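I opened this notebook to record what I looked up in the model.

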Amino acid sequence: MRDMLPLLEKTNFPAIRRAKMHTLQVNLGYLCNQTCFHCHVNAGPNRKELMSESTIQELISLMEVAKIKTLDLTGGAPEMNPHFKMLVKAARALDVHVIDRCNLTILEEDGYAWLAEFLAEQQVEVAASLPCYLADNVDAQRGDGVFQSSISGIQRLNALGYGLEGSDLKLNLVFNPQGTSLPPAQEALEADYKKELLARYHIHFNHLFTITNQPIQRFGSTLVSKGQFEGYMQLLKDNFLADNVAGVMCRTLISVDWLGYVYDCDFNQMLDLPAPIQGEKKLHITQLITQANLKQTLQEGLEGQPITIMDHCYACTAGQGSSCGGAL
Ligand code: SF4
Ligand code: SF4
């Protein structure tokens with residue numbers, strides 16, 4: 001995706017520095033049971049890239065050193081990493097809140113009958129993409145049969161208490177627009193989703209997170225090929241809201257790729273723009289937990305460290321703002 005960089009390099013986006021880090025976001029690898037058309041990591045059943053056990057052990061040390069509050073797991077399908085259970089259990093033993101970015105269909109796959117109960121037993125929060133409450137729209141974006149399988153997955157989670165009022169088991173859904181518009185108001189769309197999903201499928205969830213499409217990866221390339229890149233960037237810039245800058249997610253998280261390298265956020269990871277902590281060019285978590293100066297910076301929560309910004313950052317601040325947890 002480095003070919004997108006010349007389009008994003010020159011930016012007037014305000015310089016930002018880190019606040020105290022509380023979240024560790026980890027990509028456990030590109031193996032997935034699905035092959036969605038829009039997938040930004042080209043994940044699929046034949047991918048071999050998986051975070052190793054030794055890197056996962058280092059992550060556990062990092063959580064201890066940095067006193068991490070939340071571990072946010074992505075992939076691929078993060079549950080397909082053979083060390084997934086070990087990592088979740090270790091994080092929970094450290095009293096770290098765990099979020100599993102689950103594609104829902106994995107809950108229905110052969111060999112994963114244990115998954116829903118395991119997530120419930122470990123009190124893992126589930127965040128799942130469901131771009132529409134209509135089957136045709138979801139299948140067109142994510143593959144034939146994905147909608148029905150996703151609904152079955154949610155029903156399985158609901159049966160364990162996920163997403164129900166008064167339950168501690170949290171199930172949040174994630175929406176992103178199909179095209180070149182900003183997401184609609186999060187609260188109103190959440191109300192629509194709740195009404196429709198309850199009426200049609202008797203399913204429950206806690207919150208809907210709306211996320212603005214980033215002009216990078218496959219979406220960025222599609223914009224370029226359709227001659228819409230400049231127009232979309234202008235839309236993001238025209239809707240810049242300065243109040244959103246303080247809340248962008250990179251100020252309080254680091255994103256780690258399957259090899260253990262450190263980025264300011266998932267988008268910068270996809271663009272191969274490493275986090276410039278202490279001026280390092282490409283920082284590995286081994287350095288963060290073993291090199292004295294870096295370890296001290298880590299213990300201080302990386303506060304005050306710079307963040308790599310480019311034009312794509314305007315997607316995080318447009319309109320109601322956008323982060324892994326939805327509107328800002
Ligand atoms: S489920 Fe997610 S990771 Fe898997 S192919 Fe689809 S978009 Fe990619
Ligand atoms: S794209 Fe990443 S670095 Fe830029 S503002 Fe958003 S979260 Fe921060």
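Ligand 1. I looked up the shell of 10 residues around ligand 1 and noted that Cys32, Gln34, Cys36, Cys39 and Asn103 come nearest; a residue is near if one of its heavy atoms lies within 4 Å of the molecule. By class, this shell holds 4 nonpolar, 5 polar and 1 charged residues. I counted Ala, Val, Leu, Ile, Met, Phe, Trp, Tyr, Cys and Pro as nonpolar, Asp, Glu, Lys and Arg as charged, and the others, Gly among them, as polar.

Conventions. The model is predicted, with local features needing pLDDT of at least 70 and side-chain atom pairs counting only at pLDDT 80 or more, whereas totals for chains, interfaces and linings use all residues. Residues are numbered from 1 along each chain as its sequence is written, chains are lettered from A and ligands numbered from 1 in the order written, and side-chain values use heavy atoms, without hydrogens and water.

Ligand 2. I found Cys250, Cys265, His312, Cys313 and Cys316 among the residues that surround ligand 2. Its shell divides into 7 nonpolar, 4 polar and no charged residues.

Backbone. I noted a cis peptide bond from Gly75 to Gly76, with omega near 25 degrees. Gly76 lies in the loop between β2 (70-74) and α3 (84-93); helices (H or I, at least four residues) and strands (E, at least two) are DSSP runs, numbered from the N terminus. His202, in the loop between α7 (186-201) and β6 (207-210), has a positive phi near 55 degrees. Most residues other than glycine have a negative phi, and most peptide bonds are trans.
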